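Hi,

Here is the structure I promised to pass on.

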Amino acid sequence: MHYFDYVADELHCEQVPVRRIAEEVGTPFYLYSHATLRRHFLAVQEAFPDTERLVCYSAKANTSQAILRLFADLGGGLDIVSGGELYRGLKAGFAPGRIVYSGVGKRVDEIDYALDSGILQFNVESFQELDLIDQRAAARNTIAPVAIRVNPDVDPKTHPYISTGLKKNKFGINHRDAPEAYRHADRLPHLEVVGIDCHIGSQITEVQPFRDALKSLMELIGELRGEGIDIRNLDIGGGLGITYGDEQPPDPGEYARTVMEVMAGSGLRLILEPGRVIVGNAGILVASVLYRKHSEDKEFVITDAGMNDLLRPSLYQAYHEIRPVRRRKRPEIRADVVGPICESGDFLAQDRQMPDLQPGELLAVMSAGAYGFCMSSNYCSRPRVPEVMVKDDQFHVIRQRERVADLIRGESLPPFVK
Ligand code: LLP
């Protein structure tokens, strides 16, 4: 459910015609609907009645300040994976005590920053990381709250690049070694074991992998409690999928019922780390058609947005629906929608049955709110595009388009290059 709809054949975001924004800010740009963001956040938060829970929005899906602030104001927490995300989260107004920190490669300076900020929990992914956090906490004369990220070896049945809970993946400590990791953490004087964590992957469209992972975590919790190691927080990560095309993922309610059923009576405090399910369908990428080209037996629609603006199609062969901003009766074509980058992997859609879009027309790449702008780059010296947020009948540029001068900001010539 989102608020991008046609009104009299013109695509609108809430009450604002997308065309009007394009005329003002130029293309390409990312466009977010405030009502959709809010609705999706609350849908997750309210799916767990009578359960003590904290929705730690996963910053990596979309780190824009305006979006983070919106979720902070709705009482959310934050899931971070770097010192940079911690900085953004604190700037956006998240209370440090609502921030959880996952990631296999936390650096010393990042650990120090998180300790000094007083975050809720480190989700620790190796024995060596436990030791390092203990040392850094000792140096500050403080106690670090930790959870072990357990790799339950469950197949999330998603794209291999975004599955994280298989034993061949780099994430977490495998299920078999987890009790030993907990004993180790329990012995370290500057660590306090507060929870358990797992995240098995992203864009998961069935509940079964979540159920399997959670059951395995619950068994582990029982075993640890038997040894006197108390677990208070149960962090089940993110991963709930969305509809890009014909997927039919469980809705937050169904997902929540599964989770609540497995954890019933445990007295655990639930932490969730949803990213995509909140922001994915709340954003689109708007681009212009530059040219049309026919080559051999192929039809190309060439747009001013490319893989540097939206990487998902190139990287994961991800499907994003493409819609004309002005809808009208016209023939259909089968085409590749490609960008201006000098790589054959630069496409937004391949072999797609779509309306016969003409040069100068606007198109919308749907479901681009998650892992869109935040994965964009300056490749081929293309300034990053602006982000715009709509609320009701207003819109606001929440991030300016970069200028070409921004491309060389921070560069300098060495004295030995004349
Ligand atoms: N928690 C952890 C520890 C994660 O690694 C992730 C995502 C999440 C939560 C949020 O997962 P979500 O609810 O968004 O599925 N760039 C890829 C997705 C990578 C996901 C990485 N981790 C894409 O565009 O599909």
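Let me start with the ligand: one of its nitrogen atoms is 2.6 Å from an N or O atom in the side chain of Glu273, a polar contact (a pair of N or O atoms within 3.5 Å). A nitrogen atom of the ligand also sits 2.7 Å from an N or O atom in the side chain of Tyr316, and an oxygen atom of the ligand is 2.8 Å from a polar backbone atom of Arg276. Taken alone, the ligand exposes 590 Å², of which the protein buries 91% (Shrake-Rupley areas, 1.4 Å probe).

A word on provenance: this is a predicted model, where local features need pLDDT of at least 70 and side-chain atom pairs count only at pLDDT 80 or more, while totals for chains, interfaces and linings use all residues. Residues are numbered from 1 along each chain as its sequence is written, and side-chain values use heavy atoms, leaving out hydrogens and water.

The largest nonpolar core has 100 residues, and Phe71, Phe122 and Leu234 touch the most other members. Such a core is a set of buried (under 20% relative accessible area, 1.4 Å probe, protein chains only) Ala, Val, Leu, Ile, Met, Phe, Trp, Tyr and Cys residues joined through side-chain atoms within 4.5 Å. A second, separate core of 18 residues includes Leu11, Val286, Ala364 and Val390.

Finally, His12 is buried too, at a relative accessible area of 12%. A polar atom of the His12 side chain lies 2.8 Å from the backbone oxygen of Glu10.

Enjoy exploring!

Methods
Buried means under 20% relative accessible area, exposed over 50%, partly exposed in between (1.4 Å probe, protein chains only). A polar contact is a pair of N or O atoms within 3.5 Å; within protein, one must be able to donate a hydrogen and the other to accept it, and residues adjacent in sequence count only if both atoms are side-chain atoms.
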